[in-house]
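Welcome, and please open your viewer. We will go from stop to stop, with something to select at each one.

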Amino acid sequence: MAAGWNGDHVSRGIRQGGKISQEAFMENYDPSVLPNETYLLYEIKWSSSKRSWQNCCHNTLSEHAEIYFLEDVFKKQRSDPSDHCSITWYMSWSPCGDCCRAIRGFLMEQPNVNLVIYVARIYLHKEENNRQGLRSLMNIGVSIRIMDLPVYSYCWKTFVDDEDKYKDDYWPRHFAPWIMLYSLELQSILQNIPSCLEISPGENQTPIFSLCVEDKEQKRALTSANP
């Protein structure tokens, strides 16, 4: 069985070649909705190779996508521990606090690995365990960013199955308000200031997003969160 692919993956939009279907990508990486799944598109580049390796996975009932990557994908791909490795994740949800601890432990054991994480939205953004987890990753050098329009375009070209694509590029300008809101909230988390983002249920289970900026620290966060 190839890393990152099994029958369950195919049933949820991941093709045998390691690509994600257009439908799964658009449904799960739309920041204006709150899907239950976590998808992780990943890119691995070894210093000893000129090529990068791309694939994708998602959570299961028993395992989060991040843990699957750390405990299955990376171990199968790693050959020389001295080889420097750059990893980029494009996630539909940010890691939870428990996964952040696992990622931190992994990186402490792998000093030659560099990790960059892009996320479409922030998971349970008001829970302090999750906020502390993201800060702990930042403190050891992990770059955490909200996906912006160029990143959506890159993921579309790199990870979406060509057979599904109805167009060559994907530039969802209508995502801009949610990108801004999540960028603000991420800055609030990383700067350890109160949450600025409110998400409440709306009609037909459509979430309502609102901004709550009450003090100078939050205003500074908003200024620095320019997607």
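A residue counts as buried when its relative accessible area is under 20%. Cysteine 99 has a relative accessibility of 2%, so this residue is buried. Keep in mind as you look around that this is a predicted model.

**Stop one: the cysteines**

Which cysteine sulfur is closest to that of cysteine 99? The one in cysteine 96, at 3.7 Å. A disulfide needs the two sulfur atoms within 2.5 Å, so this pair is too far apart for a bond. Across the whole structure, a search turns up zero disulfides. Now select cysteine 155: its relative accessible area is 0%, so cysteine 155 is buried too.

**Stop two: the core**

Next, select Ile20, Phe25, Leu41, Phe69, Ile87, Trp89 and Tyr152. These have the most contacts inside the largest nonpolar core, which has 59 residues. Zoom in on leucine 41. Leaving aside residues up to four places away in sequence, leucine 41 touches Ile20, Phe25, Tyr29, Asn55, Cys56, Thr88, Trp89, Tyr90, Cys155 and Phe159. Cys155, from the previous stop, is among them.

**Stop three: the pocket**

Select Pro35, Asn36, Thr38, Trp93 and Tyr123. Of the 18 residues that line the largest pocket, these lie nearest its centre. The volume of this pocket is about 340 Å³. How does its lining divide? Into 11 nonpolar residues, six polar and one charged.

**Last stop: confidence**

Colour the model by pLDDT. The average for the protein is 87, and 87% of the residues score at least 70. Finally, select residues 1-7, where the pLDDT is below 50. In the model, this stretch has 21 contacts beyond near neighbours in sequence.

Key. Residues are numbered from 1 along each chain as its sequence is written. This is a predicted model: local features need pLDDT of at least 70, side-chain atom pairs count only at pLDDT 80 or more; totals for chains, interfaces and linings use all residues. Side-chain values use heavy atoms; hydrogens and water are left out. A nonpolar core is a set of buried Ala, Val, Leu, Ile, Met, Phe, Trp, Tyr and Cys residues joined through side-chain atoms within 4.5 Å. Buried means under 20% relative accessible area, exposed over 50%, partly exposed in between (1.4 Å probe, protein chains only). Contact means heavy atoms within 4.5 Å. On a 1 Å grid over the protein atoms alone, a cavity is a set of points where a 1.4 Å probe fits but cannot get out, and a pocket is an open set with protein on both sides within 12 Å along at least five of seven lines; lining residues have an atom within 4 Å of a point. Grid points are joined across faces, edges and corners, and a volume is the space filled by probe spheres set on the points. Ala, Val, Leu, Ile, Met, Phe, Trp, Tyr, Cys and Pro count as nonpolar, Asp, Glu, Lys and Arg as charged, and the others, Gly among them, as polar. pLDDT is the predictor's confidence in each residue, from 0 to 100.
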